[in-house]
Protein chains: 4
Amino acid sequence: MLWFNCDYNEGAHPRILEKLAQTNLEQTAGYGNDPYCRQAAELIKQLCQAPQAEVHFLCGGTQTNLTVLAACSRPYQSIISASSGHINVHETGAIETTGHRIEALPEINGKITAEQIAHLCKAHWEDDNPEFSPQPKTVYLSFPTEYGTLYTKKELEAIRQVCDDNNLFLFVDGARLGYGLTAPGNDVTLADLAALCDAFYIGGTKIGALLGEAVVIPNSKLQKDFRYFIKQKGGMLAKGRILGLQFLTLFEDGLYMQLAQHANDMAAHIKKACQQAGFAFLYDSPTNQQFPIIPNDVLAQLEQTYVFAHIKQIDHKHSAIRICTSWATRPEDVEQLTIDLAKLAKETHATHRVSFIKQ
Amino acid sequence: MLWFNCDYNEGAHPRILEKLAQTNLEQTAGYGNDPYCRQAAELIKQLCQAPQAEVHFLCGGTQTNLTVLAACSRPYQSIISASSGHINVHETGAIETTGHRIEALPEINGKITAEQIAHLCKAHWEDDNPEFSPQPKTVYLSFPTEYGTLYTKKELEAIRQVCDDNNLFLFVDGARLGYGLTAPGNDVTLADLAALCDAFYIGGTKIGALLGEAVVIPNSKLQKDFRYFIKQKGGMLAKGRILGLQFLTLFEDGLYMQLAQHANDMAAHIKKACQQAGFAFLYDSPTNQQFPIIPNDVLAQLEQTYVFAHIKQIDHKHSAIRICTSWATRPEDVEQLTIDLAKLAKETHATHRVSFIKQ
Amino acid sequence: MLWFNCDYNEGAHPRILEKLAQTNLEQTAGYGNDPYCRQAAELIKQLCQAPQAEVHFLCGGTQTNLTVLAACSRPYQSIISASSGHINVHETGAIETTGHRIEALPEINGKITAEQIAHLCKAHWEDDNPEFSPQPKTVYLSFPTEYGTLYTKKELEAIRQVCDDNNLFLFVDGARLGYGLTAPGNDVTLADLAALCDAFYIGGTKIGALLGEAVVIPNSKLQKDFRYFIKQKGGMLAKGRILGLQFLTLFEDGLYMQLAQHANDMAAHIKKACQQAGFAFLYDSPTNQQFPIIPNDVLAQLEQTYVFAHIKQIDHKHSAIRICTSWATRPEDVEQLTIDLAKLAKETHATHRVSFIKQ
Amino acid sequence: MLWFNCDYNEGAHPRILEKLAQTNLEQTAGYGNDPYCRQAAELIKQLCQAPQAEVHFLCGGTQTNLTVLAACSRPYQSIISASSGHINVHETGAIETTGHRIEALPEINGKITAEQIAHLCKAHWEDDNPEFSPQPKTVYLSFPTEYGTLYTKKELEAIRQVCDDNNLFLFVDGARLGYGLTAPGNDVTLADLAALCDAFYIGGTKIGALLGEAVVIPNSKLQKDFRYFIKQKGGMLAKGRILGLQFLTLFEDGLYMQLAQHANDMAAHIKKACQQAGFAFLYDSPTNQQFPIIPNDVLAQLEQTYVFAHIKQIDHKHSAIRICTSWATRPEDVEQLTIDLAKLAKETHATHRVSFIKQ
């Protein structure tokens with residue numbers, strides 16, 4: 001079987017394994033206090049043009065989200081998120097378990113707007129008894145979103161403005177950050193994120209690392225005592241250097257962006273093949289996740305060879321799936337998939353072709 | 001410098017890196033649902049002679065402790081631990097942050113007794129208002145302890161009996177489990193632990209892995225819904241197989257025990273050299289951590305070549321240090337250290353030799 | 001000014017103050033272990049026809065909700081509530097702060113249905129990775145709802161069935177229980193609640209007491225160790241008897257139901273006056289809270305004499321308000337209000353009369 | 001039976017019940033936003049000579065402690081307390097359940113010292129990895145202590161200095177504050193507490209109120225958003241005025257201090273009688289709690305008439321008990337107790353008289 005269901009089916013990019021092997025017998029300090037973590041942090045700060053930022057390395061997305069958001073919040077404060085946000089749908093209530101409500105806003109293509117956030121804040125502060133509901137404090141965005149879509153720089157700037165107006169933190173979940181940064185049409189850079197966010201993270205797990213997320217914290221208020229949070233939440237590895245070494249490999253000569261670009265290119269091929277086959281899409285994504293709506297009989301045949309993630313039943317004849325590429329996706333597999341897509345679509349009657357508009 | 005300060009200065013045993021490289025491009029399911037995690041779990045269950053147990057793989061010690069202890073506890077229940085227990089001294093209050101009090105009992109050589117536990121339970125239940133204090137629910141032990149010492153099988157059986165009498169869970173922190181299992185004089189086996197504990201973990205990070213702890217859960221009450229806890233607490237890796245692969249390597253042909261045995265042997269050499277040099281010990285440890293009390297001038301000279309962990313000032317002329325070996329400790333380095341110890345001790349006046357008895 | 005904005009503007013029913021005064025110098029045990037708490041508990045169990053139930057007395061609604069729901073939930077479990085539920089809108093995230101997500105379902109007239117709950121459970125358990133989202137465990141209903149509406153016995157039975165099918169607890173918030181039990185058309189009794197719920201509470205604060213809520217727990221699983229929860233959450237009064245004494249007064253000869261009936265009667269008069277004035281209602285409530293939609297100019301004049309709670313702006317000419325009666329509402333004040341309503345409505349042009357249908 | 005076991009066996013001082021009755025039918029705003037709460041707060045601020053302070057009214061001691069300490073603490077911060085502190089021994093782990101460790105220091109006569117606190121902070125900050133243990137943030141003292149003893153003004157000033165040096169909050173639990181303020185030899189005033197503490201509370205429950213504690217918050221950092229904490233933790237009463245009314249009664253003409261003085265006077269009589277009977281004391285208390293050590297046979301006879309709290313078995317012939325007086329203690333009962341004490345002590349052999357020195 002060829003797996004296109006997610007972007008973490010394989011191990012790490014080979015150069016990461018090589019770096020781990022080369023340095024394996026060196027003796028270094030533990031808990032992220034080693035030279036490799038320091039080098040990787042410096043490198044990332046440079047790329048972010050954020051010399052005052054702090055960079056910390058954690059293990060995975062849920063861990064990173066719950067740790068950063070704990071640092072952002074007093075017990076009575078809430079986190080504003082798209083209803084489709086990862087913290088709201090795939091983290092087993094980790095945020096609530098650290099004591100905070102998620103104010104889930106309706107999303108369009110996985111995104112929320114500055115206006116929605118401003119409206120929520122206004123409603124809170126204009127209430128006769130604001131203290132009867134959680135106080136909005138942090139905006140959580142994903143870049144790209146769960147649906148592979150992107151915020152524009154202008155949209156982020158507008159959200160930043162609302163954050164400034166309402167004394168909110170802005171935190172961007174970048175589990176798939178590279179795929180967003182290298183996407184066609186994207187106008188957001190690492191430096192933009194460092195300038196606009198109070199904290200964000202650069203996802204490694206889903207872009208070539210064995211595991212690891214690099215948290216960038218430009219806001220000094222959130223820097224303070226952050227290592228207490230990492231340790232307390234179980235995110236501080238004794239052999240912390242294995243995270244630093246991976247990010248060093250990914251960033252010392254542009255590997256991270258190359259891997260992300262590759263995945264996006266592969267996804268673009270698949271997207272085009274779906275379009276040519278006449279399939280609609282649940283969301284219009286420029287990144288490594290594609291959400292085509294496929295006739296069930298076509299899907300059944302494809303699934304004899306390929307593994308996809310089922311997203312939802314559209315009607316009794318069509319399903320939306322997620323096709324996901326990664327750094328490890330082989331061009332020959334994508335070639336084969338596009339051929340199979342074209343062939344199967346042709347065999348299928350025209351009546352199957354639907355034009356889907358998301359409600 | 002030669003580092004003897006801890007057992008996580010290096011990377012992983014080379015065979016682990018090889019296994020990761022060999023399997024790197026295979027595609028597997030995520031989140032621990034892959035064949036390697038399953039194989040490793042089966043293997044561990046066999047070695048534990050516990051076919052009904054469940055085995056889960058987590059990233060590090062603090063994470064494992066806070067996750068298992070959350071699963072053991074209702075909000076009003078407490079965890080009984082030696083005052084020197086890792087959860088009480090080196091985890092930033094992680095247990096309290098999940099809502100539970102640690103009832104820290106005075107320890108002798110890092111250990112607590114069945115009698116102490118029974119006494120605490122009796123005091124709780126005989127109080128006129130037991131509901132005014134946290135209800136004791138789980139006993140947390142470390143094997144080996146923070147001081148490298150070991151519980152005997154008889155001591156564990158006595159503690160198990162008290163747990164049965166008082167409806168308590170018994171959880172053993174095995175961050176350094178292998179060093180205990182292979183220590184001279186030890187009479188406890190994996191199968192014993194599986195028979196006596198409700199849950200325990202087999203530490204990988206400190207015995208040859210890059211990261212990873214294998215939680216063994218014989219008690220079905222704790223098995224229920226355990227994956228919710230792992231996910232919620234941030235311990236579920238997307239590429240979960242990197243944990244399974246490491247434990248498979250460590251256990252498929254006895255590597256884990258070999259590595260632990262090696263470290264213990266190296267530590268025994270150092271222990272003997274310290275004894276011959278006339279140094280007393282803070283604790284009498286048969287495992288990979290040794291706690292000699294060394295004249296400060298000897299220590300100062302050793303520290304030009306070697307890195308140790310300072311434990312405490314004994315008096316103005318002597319310090320207790322921790323010397324730690326690991327799977328990666330080289331015999332030639334230990335040889336050199338023992339020679340240097342002997343030489344420096346000889347040069348030092350007899351007046352420096354103290355006979356220390358721990359109070 | 002005459003206050004109709006809520007049902008807790010006054011102190012307690014005079015007979016409660018008398019009872020407190022009569023018993024004031026008696027010496028009793030503290031923390032709810034006194035004869036009065038025992039008598040009140042026995043009385044309530046009899047009225048509930050639930051000899052096996054336990055009854056505990058707490059101080060207020062938020063405290064009761066957070067305490068009972070903590071007892072219902074493991075850390076990874078969620079509470080299902082109408083989006084308009086008190087725990088979701090007026091308790092400052094108290095439930096999340098104890099670690100649990102509220103799964104807020106869309107409501108109709110403040111109510112949710114058995115079908116919605118069943119659907120949510122089905123979606124959870126059919127997910128490939130149910131452990132990635134909080135596990136639904138407890139259904140939270142209010143009787144009456146925040147909008148003064150009532151569940152029928154049949155609706156509650158259907159919800160109970162879904163709870164049984166999905167291993168859920170059912171908890172009913174009865175902050176205004178008496179107003180529901182004595183409402184026209186209601187077919188639910190205390191005994192029904194005791195038979196259908198795992199826990200529910202009988203609100204005292206809003207029906208004649210100074211403070212106090214009586215929690216009735218028919219399910220023995222939730223009875224276990226409940227006093228630990230009360231104490232830990234700060235709900236156990238040293239002079240606990242002041243709660244027992246109040247509930248004894250309210251229930252020893254039917255005072256509670258009389259007070260509730262009085263408030264409902266007063267509300268019915270106001271409702272009728274609003275209907276006769278041609279005003280629509282935001283919700284159709286048979287209890288002590290009425291939600292008429294009133295022309296802003298009429299409202300402005302009324303508010304020179306009366307205090308109401310503003311609920312929402314309907315359009316630029318109309319507002320929905322809450323008019324609330326209580327045990328202390330005086331018939332002469334209601335009489336005056338109905339006269340004023342009729343007069344002002346007549347003076348207002350017919351064009352103001354809108355027929356509002358809640359979307 | 002005559003109860004001397006605690007200071008909350010009766011209801012409220014009659015003038016409090018009168019005040020509640022007089023104002024009973026007045027209509028006021030809820031949730032502490034009424035004129036009586038405002039008046040009581042103003043009065044207390046004046047008595048504290050702290051015009052910038054905020055005063056809030058909560059229901060009970062555990063609730064107050066957990067609410068204030070939550071406001072003082074970030075998730076990784078700890079509370080320093082005497083091991084005998086109420087939060088450490090009688091609150092079911094409420095503080096840990098809000099996520100914080102209590103650093104329990106050994107006490108002498110229920111008190112801790114500035115030196116102990118300074119030492120703990122020094123040890124934390126000098127550790128190589130301070131982030132591996134909870135960061136000390138708040139000092140929790142009780143005035144009087146659980147043993148009825150008092151800090152001198154000089155001792156409090158020294159502790160304040162250490163707090164300033166280490167960026168700590170100082171919070172004083174005044175559940176029995178009046179008994180301390182009116183004790184012979186006390187040199188601490190309300191104004192001193194307001195000047196030295198970041199927050200403290202004036203206990204009402206144990207000094208004449210039905211329930212209620214007045215939290216005084218001089219530090220503006222802790223004032224911010226404090227009502228969110230009260231509401232979220234379940235401490236905000238709908239009929240909040242019943243707390244304001246009680247404190248108004250207690251403080252508008254000195255009643256609070258008179259009641260406390262009376263209890264202290266009664267306790268002094270009993271203390272003297274115990275001394276004359278030759279009994280030693282577990283602690284030397286100048287306040288309303290006395291801890292005599294009494295021969296078991298004397299105790300057995302006394303307990304046919306009087307109720308005491310058993311504190312601990314001293315040896316097989318003697319027990320330490322707590323004798324507690326309150327505003328409601330009748331002089332004639334104390335007179336009878338002192339007569340009985342004298343008589344029974346005389347009948348008892350001299351060999352029973354022990355001179356106990358607390359270790």
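**Entry 1: Lys111(D) and Glu155(D)**

I looked up Lys111(D) and Glu155(D) in this predicted model and found their side chains joined in a salt bridge, at 2.9 Å from N to O. I counted a salt bridge when a side-chain nitrogen of Lys or Arg lies within 4 Å of a carboxyl oxygen of Asp or Glu. The two residues are 44 apart and link distant parts of the chain. Lys111(D) is in the loop between S4 and helix H6 (114–126) of chain D, and Glu155(D) is in helix H7 (residues 153–166) of chain D. For such labels I used DSSP runs numbered from the N terminus: helices are H or I with at least four residues, strands are E with at least two.

Lys111(D) is buried at 17% relative accessibility, while Glu155(D) is partly exposed at 31%. Here buried means under 20% relative accessible area, exposed means over 50%, and partly exposed is in between, with a 1.4 Å probe and protein chains only.

**Entry 2: ground rules**

I noted that residues are numbered from 1 along each chain as its sequence is written, and that chains are lettered from A and ligands numbered from 1 in the order in which they are written. Local features need pLDDT of at least 70, side-chain atom pairs count only at pLDDT 80 or more, totals for chains, interfaces and linings use all residues, and side-chain values use heavy atoms, leaving out hydrogens and water.

**Entry 3: other salt bridges**

I noted a total of 56 salt bridges over all chains. Side chains of opposite charge can pair when their charged atoms come close.

I checked Glu96(B) and Arg101(D), which form a salt bridge at 2.7 Å, N to O. This pair crosses between chains: Glu96(B) is in helix H5 (residues 94–97) of chain B, and Arg101(D) is in the loop between helix H5 (94–97) and strand S4 (102–105) of chain D. Glu96(B) is buried at 2%, and Arg101(D) is buried at 8%.

In chain C, Glu42(C) and Lys45(C) form a salt bridge at 3.2 Å, N to O. They are three residues apart in helix H2 (residues 35–47), so about one helical turn separates them. Glu42(C) is partly exposed at 41%, whereas Lys45(C) is buried at 15%.

**Entry 4: Ile16(C)**

I found Ile16(C) in helix H1 (residues 14–22) of chain C, buried at 0% relative accessibility. Leaving aside neighbours within four places in sequence, Ile16(C) is in contact (heavy atoms within 4.5 Å) with Gly208(C), Ala209(C), Gln246(C), Thr249(C) and Leu250(C).
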